[in-house]
Amino acid sequence: MSKNNNYRSKIIHQRRRRRRQILESAIGVVVILILIFALKQGNLRKADGSTVDAEYEISQSDAVNSYFDTSVLIGDARAEAIGMNSGLSGWDIYAAQDLNAENVLTSKIAKNNASDACTVLDVLSERTYNSVYIGFGIEELGWYNERYISAYRKLLDNITASQPGAVIYVMSVIPVSAECSANDTVYNNPGVDRLNSLMRDMCEDYDQVVYLDVAASVAENGVLPEDASTDGIHFDKEYCHKIMRYIIKENIQNGI
């Protein structure tokens, strides 16, 4: 009788454990489904409170990564933010704070094939790219028109000479916030609009240069949304992703 009781207890214990395992598995499946749904909705939050941009992550296909393996980004602090937050490790990024369309020709912010400090133009003379992205303008808002366009043309002349087979994308200057624009005599949107108009006309003079209106991907009523930036000028990771999605959609996915 004691043996029967022990056997019965063992069977009951096994059944309970099996039910618990089934329940835990079911809970696991439900959690996974919830996570998948959250990703599709683009509202899953990381531990630091930021939002996982599911749409942007999905856009990073093998073809997209392969495209950026033969691309280079040149520009100022805003361009640097776009590149560093792109999640793409294949493309070369030569962008930094205080870099502008003029001093980029002489600033040694890169390294050549021998690992020696050199200018961006030195790198371009050694390597071949299919696409060149250029992002300047915010640091030059205080310049007069002739100085800006003269510097930009000199840069484009050098790049087109060293990269004759590349498509060169001149990215538009992204506007600042309405508050910043209203209170700053230099960093304001009338100045941004002025530079963009000059750049658009300039690009028409080059066969392999394309004016890329990245500002359209983030601007609302001609201004940078207030929640995009803490200073009204430099945008956060979410808005960097919006710009990258625009680049991927308009200039890559359509041709892949």
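Author: Let's start with one contact. The side chain of Gln163 reaches the backbone oxygen of Leu124 at 2.7 Å. Bear in mind that this is a predicted model.

Reader: Okay. Where is Gln163 found?
Author: Gln163 is in a loop. That loop runs between α6 (145-162) and β6 (167-171).

Reader: Is Gln163 buried or exposed?
Author: Gln163 is buried, because its relative accessibility is 2%. The cut-off for buried is under 20%.

Reader: What is Gln163 in contact with, leaving aside neighbours within four places in sequence?
Author: Leu124, Arg127, Thr128, Tyr129 and Gln208.

Reader: Let's zoom out. How many helices and strands does the protein chain have?
Author: Nine helices and seven strands. The chain has 256 residues, and 42% of them count as buried.

Reader: What about contacts across the sequence?
Author: Take contacts between residues at least 6 apart in sequence. Of these, 67% join residues at least 24 apart.

Reader: How far apart are Asn158 and Leu121?
Author: They are 37 residues apart in sequence. In space, the distance is 7.4 Å, C-alpha to C-alpha.

Reader: Now the strands. Which way do β5 and β6 run, parallel or antiparallel?
Author: Parallel, with four bridges joining β5 to β6. Tyr133 stands opposite Tyr169 in β6.

Reader: What do β5, α6 and β6 make?
Author: A right-handed β-α-β unit.

Reader: And what else pairs with β6?
Author: β6 also pairs with strand β7 (residues 209-212), in the parallel sense and over four bridges. There, Met171 stands opposite Leu212 in β7.

Reader: How many residues of β6 are buried?
Author: Four of its five residues, so β6 is mostly covered.

Reader: Let's switch to β1. How many bridges join β1 to β2?
Author: Four bridges join β1 (residues 71-75) to β2 (residues 92-95). These two strands run parallel. Gly75 has Ala95 as its bridge partner in β2.

Reader: Which helix goes with β1 and β2 in a β-α-β unit?
Author: Helix α4 (residues 77-84). With β1 and β2 it makes a right-handed β-α-β unit.

Reader: What caps the N-terminal end of α4?
Author: Asp76 does. One of its side-chain oxygens lies 3.1 Å from the backbone nitrogen of Arg78.

Reader: Which residues in α4 are buried?
Author: Ala77, Arg78, Ala79, Ile82 and Gly83. What covers the buried residues of α4 includes β1, β2, β5 (131-135) and α9 (237-251).

Reader: New topic: holes. How many cavities of 30 Å³ or more does the structure hold?
Author: One. The largest cavity has a volume of about 100 Å³.

Reader: Which residues lie nearest the centre of the largest cavity?
Author: Asp76, Arg78, Gly135, Ser172 and Ile174. The lining has 13 residues in total.

Reader: Last topic: backbone angles. What is phi for Ser115?
Author: About 70°. That value is positive, although Ser115 is not a glycine.

Reader: Why would anyone point that out?
Author: Because most residues other than glycine have a negative phi.

Reader: Where is Ser115?
Author: Ser115 sits in the loop between β3 (110-111) and β4 (117-118). At 52% relative accessibility, Ser115 counts as exposed. The cut-off for exposed is over 50%.

Reader: Is Asn221 buried or exposed?
Author: Exposed, with a relative accessible area of 84%.

Terms used:
Residues are numbered from 1 along each chain as its sequence is written. This is a predicted model: local features need pLDDT of at least 70, side-chain atom pairs count only at pLDDT 80 or more; totals for chains, interfaces and linings use all residues. Side-chain values use heavy atoms; hydrogens and water are left out. Buried means under 20% relative accessible area, exposed over 50%, partly exposed in between (1.4 Å probe, protein chains only). A polar contact is a pair of N or O atoms within 3.5 Å; within protein, one must be able to donate a hydrogen and the other to accept it, and residues adjacent in sequence count only if both atoms are side-chain atoms. Contact means heavy atoms within 4.5 Å. Two strands pair if DSSP finds at least two bridges between them. A crossover is right-handed if, with the strands pointing away from the viewer, the path from the first strand over the helix to the second runs clockwise. On a 1 Å grid over the protein atoms alone, a cavity is a set of points where a 1.4 Å probe fits but cannot get out, and a pocket is an open set with protein on both sides within 12 Å along at least five of seven lines; lining residues have an atom within 4 Å of a point. Grid points are joined across faces, edges and corners, and a volume is the space filled by probe spheres set on the points.
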